[in-house]
Amino acid sequence: MVRLITHNMLACHVRNCNKDNFPLIFSEVELVIRETPENLDFIRRFLPKLDWTALVDTARSLGDTTLPDEQPVEMTDDQLRALHHVLMEMHVEEGNMTCRGCGHVYPISNGIPNMLLAEHEVGR
Amino acid sequence: MSRPEEISPPEIFYGDTEASKYTSNSRIQTIQAQMTERALELLALPPDESAFLLDIGCGSGLSGEILDEEGHVWVGVDIAPSMLEVALEREVEGDLFLHDIGQGFGFRPGTFDGAISISVLQWLLNADSTSHSPSARLTRFFTTLHASLRNPSRAVFQFYPSSDDQVTMITAAAQRAGFGGGIVVDYPNSKKARKMYLCLMVGQQQPDQSRIPQGLQHEGQV
Ligand SMILES: [Zn+2]
């Protein structure tokens, strides 16, 4: 149940990993689409928090090509709907999220990512 | 009666049996629901707007269900896999993460509009198998939480401290991490109904909301 809205907010939290630690890269993904009631106001208010490039790259890596390269200055309702679909309805159920910076792999099983770190990976 | 956090770490204590027992106990459900609603009230979110919230120690999704009902979008983290399993079965809407909050968060700056946590904070204070001290874990937790919250926003924790020293230690760690705010005690004179909330504030609050909220005095006020 990792939605892209959450994935777009998530960086690696391994100790001293602060370069190329976002976005985590999906692999071996099992994707499920779950329809969710639209709340376009929420999506509109969320826009400033998004890292657009990371979102577009991630969505495309999962097979969704509906988002434009550049974030539109003014979003039409249709564009917001496409964004709602990408952010709220694409669920990664199985797979891995890998950090490009340190190589840590966060496995996703049954929709739940395992974010636990080994003792030596924990920051101070 | 021993406190659960003194018996074993939460991922062990809330094994399969405790997880389903905890979730199906209707008294626990009712109290949990009341505390979640009170925590939401203390968050003082803009009315009639869906927010993006973090549920710290979301367990089996009892508080998450209320966030769902209120129309919020949320992420829940918990260290007990069997509690998360129950949350999955209950089909809550939030994204669930297996996470040890004492290891800190990796969420980007300003991610959340608020955070709530029900009956969890006291677990951070017991020393278990980890080589890290409770104070290091508290510091990492509050520092990374503070960074992941929007400015301005709040984080509200209902918790069961076992001593005044614990309250002091927790409050001091939160202040060092940059939080304002403080302790709210509801029904301070009732042995049964007394509840303690740590109401933390990030950044400059609305002028009429900058003071630590008053605790409730009389039962039935919620
Ligand atoms: Zn990393």
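This is a predicted model: local features need pLDDT of at least 70, side-chain atom pairs count only at pLDDT 80 or more; totals for chains, interfaces and linings use all residues.
**Entry 1: where the chains meet**

I began with the boundary between the two chains. I found 31 residues of chain A in contact with 35 residues of chain B. The size of an interface is often given as the accessible area lost when the parts come together. For this pair I noted about 2,800 Å² buried between chain A and chain B, with 57% of it on carbon and sulfur atoms. On the chain A side, the residues that lose the most area to chain B are Met1(A), Lys49(A) and Ile112(A), and together they make up 21% of what that side buries.

Next I looked at the polar side of the boundary. There are 17 residue pairs in polar contact between chain A and chain B, counting pairs with both residues at pLDDT 80 or more. I then asked which elements of chain A each supply at least two residues to the side that touches chain B. They are β1 (2-3), α1 (4-7), α2 (40-46) and β5 (112-113). The largest share, three residues, comes from α2(A). Sorted by class, this side of chain A has 17 nonpolar, eight polar and six charged residues.

The count of salt bridges between chain A and chain B is three. I looked up one of them: Arg45(A) pairs with Glu49(B), and their closest N and O atoms are 3.3 Å apart.

**Entry 2: the nonpolar cores**

Which residues touch the most other members of the largest nonpolar core? This core has 71 residues, and the answer is Leu83(A), Leu54(B), Phe141(B), Phe142(B), Leu145(B) and Phe157(B). The element that gives the most to this core is helix α4 of chain A (residues 77-89), with five residues.

Leaving aside neighbours within four places in sequence, Leu83(A) is in contact with Ile43(A), Leu47(A), Leu50(A), Trp52(A), Leu55(A), Leu67(A) and Met75(A). I also noted a second, separate core of 27 residues, which includes Ala51(B), Leu53(B), Val92(B) and Ile116(B).

**Entry 3: helix α5 of chain B**

Helix α5(B) covers residues 62-69, and its buried residues are Leu62(B), Ser63(B), Gly64(B), Ile66(B) and Leu67(B). These buried residues pack against α3 (16-24), α4 (26-43), β1 (52-56), β2 (73-78) and β4 (112-118) of chain B. Just after the helix, I found Gly71(B) with a positive phi of about 80°.

Glu65(B), also in this helix, forms a salt bridge with Arg90(B), and the closest N and O atoms are 3.0 Å apart. Arg90(B) lies in the loop between α6 (81-89) and β3 (95-98), so the pair ties together parts that are 25 residues apart in sequence. Both partners are partly exposed: Glu65(B) at 29% relative accessibility and Arg90(B) at 24%.

Beyond four places in sequence, the contacts of Gln158(B) include Met35(B), Val120(B), Lys195(B) and Tyr197(B).

Ile183(B) sits in strand β6 (residues 180-186). With a relative accessible area of 28%, Ile183(B) is partly exposed. Among the residues it touches, not counting those up to four places away in sequence, are Phe159(B), Val167(B), Leu198(B) and Ile212(B).

**Entry 4: charged pairs in chain A**

Asp41(A) and Arg44(A) form one at 3.2 Å, N to O. Both lie in helix α2 of chain A, three residues apart, about one turn of the helix. An α-helix has 3.6 residues a turn, so residues three or four places apart point the same way. Asp41(A) is partly exposed at 48%, and Arg44(A) is partly exposed at 39%.

Arg60(A) and Asp69(A) form another, at 2.9 Å. Here Arg60(A) is partly exposed at 36% relative accessibility, whereas Asp69(A) counts as exposed at 54%.

Key. Residues are numbered from 1 along each chain as its sequence is written. Chains are lettered from A and ligands numbered from 1 in the order in which they are written. Side-chain values use heavy atoms; hydrogens and water are left out. Contact means heavy atoms within 4.5 Å. Buried area is the accessible area (1.4 Å probe) that two parts lose on being put together, summed over both. A salt bridge is a side-chain nitrogen of Lys or Arg within 4 Å of a carboxyl oxygen of Asp or Glu. A polar contact is a pair of N or O atoms within 3.5 Å; within protein, one must be able to donate a hydrogen and the other to accept it, and residues adjacent in sequence count only if both atoms are side-chain atoms. Helices (H or I, at least four residues) and strands (E, at least two) are DSSP runs, numbered from the N terminus. Ala, Val, Leu, Ile, Met, Phe, Trp, Tyr, Cys and Pro count as nonpolar, Asp, Glu, Lys and Arg as charged, and the others, Gly among them, as polar. A nonpolar core is a set of buried Ala, Val, Leu, Ile, Met, Phe, Trp, Tyr and Cys residues joined through side-chain atoms within 4.5 Å. Buried means under 20% relative accessible area, exposed over 50%, partly exposed in between (1.4 Å probe, protein chains only).
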